[in-house]
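I have a new structure open and want to look up a few things in it. Here are my notes, in the order I took them.

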Amino acid sequence: MQKITSVRGRLVYDSRGNKTIEVDVITDNEYVGRTSVPAGASVGRNEVINFPNGEPEKCLDAINNNSSKFVGLDPMDLKCIHETIREIDNTDNYSNVGGAFAFAITISSMESASKFFHVPLFNVLTNKSKLEFPIPLGNILGGGLHAGIGTPDIQEILICPHGSKSIRNAVEINFNVHRELQNVLYQKNLNFTGGRSDEGGWAPEINNEEALEASCKACENLGYVLGKDVSLGIDLASSTQWDQKHEKYIYKHNQLQLTQEQQIEFVSDLIDRYKLIYVEDATHQDSFDAMSELTNTFPNVFITGDDLTVTNKRILEHAIKLKSCNAAILKVNQAGSLYDALKFAQHANKNNIKIITSHRSGETIDSQIAHIGISTGSKMLKIGVVGGERVSKINELIRISEYDLIHGMTQL
Ligand code: 2PG
Ligand code: MG
């Protein structure tokens, strides 16, 4: 039987230049699984802690001090690897060793197993035979916590090429729209320097509506019909605007202060006006009832939980009971362990909650989420458009398209 022969961690850097952890899990002295850990800027309160006290060094010490506990295990036995991690840190949020510990060891183990068996990673993550490409969801314009002062309050405007017949066609549409949006923004705003947000979307000094209008114009200039070839989506990351004390959403750029009820009207109006197909975290992370109002009103829009559901099965169960969303983000490092993230995905699929596997704003050049998105039956894969750490995931999708095992694009 294949066995893990070594586990080794090191400090490396993410796309924001912050320190992070990378872990090598080696099977039979030969097959290397290597994973580095991303980090969020708009982090949900109920996510696990990435690093103890925010210190990657502490996580690294924990990895290197406990590495021998993984030696001899089967890298394919995700449950056993997960339980071994849980013996080391059994806190709900991995406050002792950091969720990064669980993230890097679980993914590296599965990658190492995939190399041992000479199969692609998605193949060891699922035994389903019908696999499809998720639609790549690309960030074309950034604001909020992902961009500088003066940019829109909406954290992300996203392009979804749902009319595409192939993954190459889909990613090319995203590149085209991103490129054309730059032209539109140059024409619109003489101060626009071509600056970009953390995820590679443009970061102009304009308000929410101007940003959405420019994005629609970019699609129209290219001849794409909104609602047919492509649609826009948004991530409001509403918890970052929510002021609990005053019970209002504070929009700094648009100088708006909205009550919960006004926020629902505001979002509903954006969905209608811009034919949005996707709205993430439309209201703040504790507002399960407000989210359910939107889910009920817009059954054909992806009303998506991110900070709301934080890749946590227990919280998802609550959201399902209250019908608070019809789609949910899957970010493995919100859960920590890949084992828990896959359980979350199973539960979502069983309950017709559409999965969107997602990158973080602080990324690395790793590309395993392309495989995780496919193996979990994700409808969309939120991976950005440009920037090396985003393109690495896009290019992995192109490589995966060389396998006959994937049967075209998912249908929304
Ligand atoms: C989000 C993500 C990724 P962050 O809010 O969905 O786009 O951002 O990684 O900063 O949480
Ligand atoms: Mg989000």
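**Ground rules.** This is a predicted model, in which local features need pLDDT of at least 70 and side-chain atom pairs count only at pLDDT 80 or more, while totals for chains, interfaces and linings use all residues. Residues are numbered from 1 along each chain as its sequence is written, chains are lettered from A and ligands numbered from 1 in the order in which they are written, and side-chain values use heavy atoms, with hydrogens and water left out.

**Metal site.** I started with what coordinates the magnesium ion (ligand 2). I found Asp235 (OD), Glu280 (OE) and Asp306 (OD), at 2.0 to 2.2 Å. Donors here are N, O and S atoms within 2.8 Å of the metal (3.2 Å for Na, K and Ca), and water is not among the atoms, so sites may look incomplete. Along the chain, the donors are spaced as D-x44-E-x25-D. Glu280 sits in strand E11 (residues 278-280) and Asp306 in the loop between strand E12 (302-305) and helix H9 (313-321), so this pair ties together parts 26 residues apart in sequence. My helices (H or I, at least four residues) and strands (E, at least two) are DSSP runs, numbered from the N terminus. Both Glu280 and Asp306 are buried; buried means under 20% relative accessible area, exposed over 50%, partly exposed in between (1.4 Å probe, protein chains only).

**Cores.** Next I looked up the largest nonpolar core, which has 52 residues. By a nonpolar core I mean a set of buried Ala, Val, Leu, Ile, Met, Phe, Trp, Tyr and Cys residues joined through side-chain atoms within 4.5 Å. Val279 is among the members that touch the most others. Beyond its neighbours within four places in sequence, Val279 is in contact (heavy atoms within 4.5 Å) with residues including Ile234, Leu236, Phe302 and Ile303. Apart from this core lies another, of 46 residues, with Val7, Val48, Leu330 and Ile355 among them.

**Strands around E14.** Is strand E14 (residues 354-358) mostly covered or mostly uncovered? Mostly covered: four of its five residues are buried. E14 pairs in the parallel sense with strand E13 (residues 327-330) over four bridges; two strands pair if DSSP finds at least two bridges between them. Ile329 stands opposite Ile356 in E14. On to strand E15 (residues 380-382), which runs parallel to E14 and is joined to it by three bridges. Ser358 has Lys382 in E15 as its bridge partner. From E14 the chain crosses through helix H12 (residues 368-375) to E15 in a right-handed β-α-β crossover. Right-handed means that, with the strands pointing away from the viewer, the path from the first strand over the helix to the second runs clockwise.

**Cysteines.** How many disulfides does the whole structure hold? I found zero, taking a disulfide as a pair of cysteine sulfur atoms within 2.5 Å. For Cys80, the nearest cysteine sulfur is that of Cys59, 20 Å away. The sulfur of Cys219 is 6.6 Å from the closest one, in Cys216, too far for a bond. Cys219 counts as buried at 0% relative accessibility, whereas Cys80, at 23%, counts as partly exposed.

**Phe51.** My last stop was Phe51, in the loop between strand E3 (31-36) and helix H1 (56-66). Phe51 counts as buried at 10% relative accessibility. Leaving aside neighbours within four places in sequence, its contacts include Lys19, Ile21, Cys59 and Gly98.
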